[in-house]
Amino acid sequence: MSELKITAYVCKSCGRVHYPFHDRCLDCKAREFDQIQPEGPAKLLAYTEIYNLPWGFDVRTLKIGVVEFSNKVRAMGQIDADDIKKLKTGMKLKAFWEPVRKRYGEDVYGLVFR
Amino acid sequence: MRQVAIIGAGMIPFGRRDEDSLLDMLAYASLKALDDAGLGDKGVDAVYVANMGAGILQRQTSVASALVDRLSLMPAAADAVENGPASGASAIKNGVLAVASGYYDYVLVAGGEKMREVVGWKATDFVSTMTHPEAEYPYGITLPGMAGMFTRLYMEKYGLTRDQLIAVAIKNQKMGALNPFAHVEMIITKEGIADSPDAVVNNPFAADPLHLYDMCPVSDGAAAVILCPLETAKKMAKKTPVLVAGFGQATDTHTLQERKDPTDLKAVTLASKQAFEMAEATPKDVDFAELHDAFTILEIAESEHAGFFKKGEGGKAAERGDTRLGGKLPINMSGGLKARGHPVGATGVAQVVDCVFQLRHELGKDRQVKGAKTGFTLNFGGFGNNVVAFVLRRIEL
């Protein structure tokens, strides 16, 4: 797994894992967090294939999913799969940090699962 | 707090309106509402304008100030309300609070959006700007994409079927074909969108497992209402006043992934509960509902979370015909967003306008809910992260 350059936040008071960042814990409202990176295989929680794409993509469709890593970090990313029928909720995927779109000619990096 | 009534309602036909600017549409709908209220050339104390995208799509800001100028309503107070697709109901809620407080007596609330003057990918990108800028937007997620993920989860958890989604699409397009304000006036059949060999072409995937006919269109349009104290309405209303009996608003996490159960639309449940409690009513008291069916799945999920059906039963109810005209709870007799269209800033106001038409018993027999006394509207912002609900009641004079 390449280095995944996202930071998740674990509440120092109650342990709830947050991604993205919140100034106060979603559960206990505490303001102190430990920073962690996503770890381990990613379990696919939800997915779709989008056919009408917004600005910044030169592909016909995009497969997108939400995963949960083994340290409870949940995150969205693109899925690199040739057929959505091969995907199944609960399956394990590996995560990579790769270009996900272009903005003004520059690559934007993010999570890609395969 | 004073009780607040709707004494005027106006709407222009939704669709592609190349000839009209955003301000044109807001002005036309507002004039209709002013005339409907019998205010004619009189003024109002305050104006709230619901709009989500003029700054992005038209490069126009301060639309409330611009509308006041167009309508010569100066020196009325004027505020724009941007709350994503729930902007319309949010603006009405703010208008209701302003009248209820006793500070203003007459308030105009107008909602409008002009989305068809940009190409499809720009409109899609504009709507996607409501997703989380770091955790969602960069990946190309769209609101239909969110709905696709949500639908699959709903299918897995509750056994929702494609036939149930299709039942919603067919019903709402049938009602839209009867609504002169609707963007889509085309009746569809199950054969045409699902069962025939042509269905693959007619109704391709839009966001798996959702298809094209599970989606609302991208529309231009505007709608407006006039609010005043109920006691004033009883004395001066030209038409049957409609009481804003209750409202509720609730929020949820920005991203779906941070909800412990992503199929649980908590903000819908809470906003609806607040509205019913304020109205001293229950879902059983409601004669019809206008729900935010930007995607067919949402009509079903909202009908459950608002308390009309148990979880997992909304799709079955739609398939049985319980939500058709003459059924236990007619839903979206306007055609809903699915057929009336979804100019995002206008939608919440349009839902209330349609509710007013129903409660004043002004519709033809093919859309009128017989004897309707209480209606419910639900305006759904983001993917359920900001939801506004109303319970509206007919006032017999």
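Tutor: One term before we start: a residue is buried if 20 or more other C-beta atoms, placed from the backbone, lie within 10 Å of its own, exposed if 12 or fewer, and partly exposed in between. Keep in mind that this is a predicted model, where local features need pLDDT of at least 70 and side-chain atom pairs count only at pLDDT 80 or more, while totals for chains, interfaces and linings use all residues. Residues are numbered from 1 along each chain as its sequence is written, chains are lettered from A and ligands numbered from 1 in the order in which they are written.

Student: Okay, chain A then. How many helices and strands does it have?
Tutor: Chain A has 0 helices and 9 strands. Both kinds of element are DSSP runs numbered from the N terminus: helices are H or I with at least four residues, strands are E with at least two. Going along the sequence, the pattern of chain A reads β-β-β-β-β-β-β-β-β.

Student: What box do its C-alpha atoms fill?
Tutor: Along the principal axes, the C-alpha atoms of chain A take up a box of roughly 45 × 35 × 25 Å. Chain A has 114 residues, and 36% of them count as buried.

Student: Is strand S5 of chain A enclosed or open, and why?
Tutor: Strand S5 (residues 62-69) of chain A has 7 of its 8 residues buried, so S5(A) is largely enclosed by the rest of the structure.

Student: And which strand do the 8 bridges join to S5(A)?
Tutor: That's strand S4 (residues 42-50) of chain A, which runs antiparallel to S5(A). Strands count as paired if DSSP finds at least two bridges between them. In this pair, A:Tyr47 sits opposite A:Gly65 in S5(A).

Student: What about strand S6?
Tutor: S5(A) is joined to strand S6 (residues 74-79) of chain A by 5 bridges, again antiparallel. Here A:Glu68 is opposite A:Arg74 in S6(A). S5(A) and S6(A) make a hairpin with 4 residues between the strands, and in that hairpin A:Lys72 takes a positive phi near 75 degrees.

Student: Which strands make up the open sheet of 3 in chain A?
Tutor: They come in the order S2-S1-S3, with antiparallel pairing. Strand S2 (17-18) and strand S3 (33-36) of chain A are the edge strands, each pairing on one side only. Strand S1 (residues 8-11) of chain A pairs with S2(A) over 2 bridges, and A:Tyr9 faces A:His18 in S2(A).

Student: What about contacts between residues at least 6 apart in chain A?
Tutor: Of those contacts, 49% join residues at least 24 apart in sequence. A contact means two C-beta atoms, placed from the backbone, that lie within 7 Å.

Student: Moving on: how many residues of chain B are in contact with chain A?
Tutor: 33 residues of chain B are in contact with 29 residues of chain A. On the side of chain B that touches chain A, helix H5 (120-128), helix H6 (143-158) and strand S5 (205-207) of chain B are the elements that give two or more residues. H6(B) gives the most, with 7 residues.

Student: Which residues of H5(B) are buried?
Tutor: B:Ala123, B:Thr124, B:Asp125, B:Phe126, B:Val127 and B:Ser128 in H5(B) are buried. The buried residues of H5(B) pack against helix H2 (54-58) and H6 of chain B.

Student: In what order do the 9 strands of the chain B sheet come?
Tutor: The order is S3-S2-S4-S7-S1-S8-S11-S10-S9 in an open sheet of chain B, with mixed pairing. At the edges stand strand S3 (77-81) and strand S9 (288-290) of chain B, each with a single partner strand, so one side of each has no neighbour in the sheet.

Student: How many bridges join S9(B) to strand S10?
Tutor: There are 3 bridges from S9(B) to strand S10 (residues 374-381) of chain B, and these two strands run parallel. B:Phe376 in S10(B) is the bridge partner of B:Ala289.

Student: Last one! What is B:Leu67 in contact with?
Tutor: Leaving aside its neighbours within four places in sequence, B:Leu67 is in contact with B:Leu23, B:Leu26, B:Ala27, B:Ser30, B:Val47, B:Val49 and B:Ala110.
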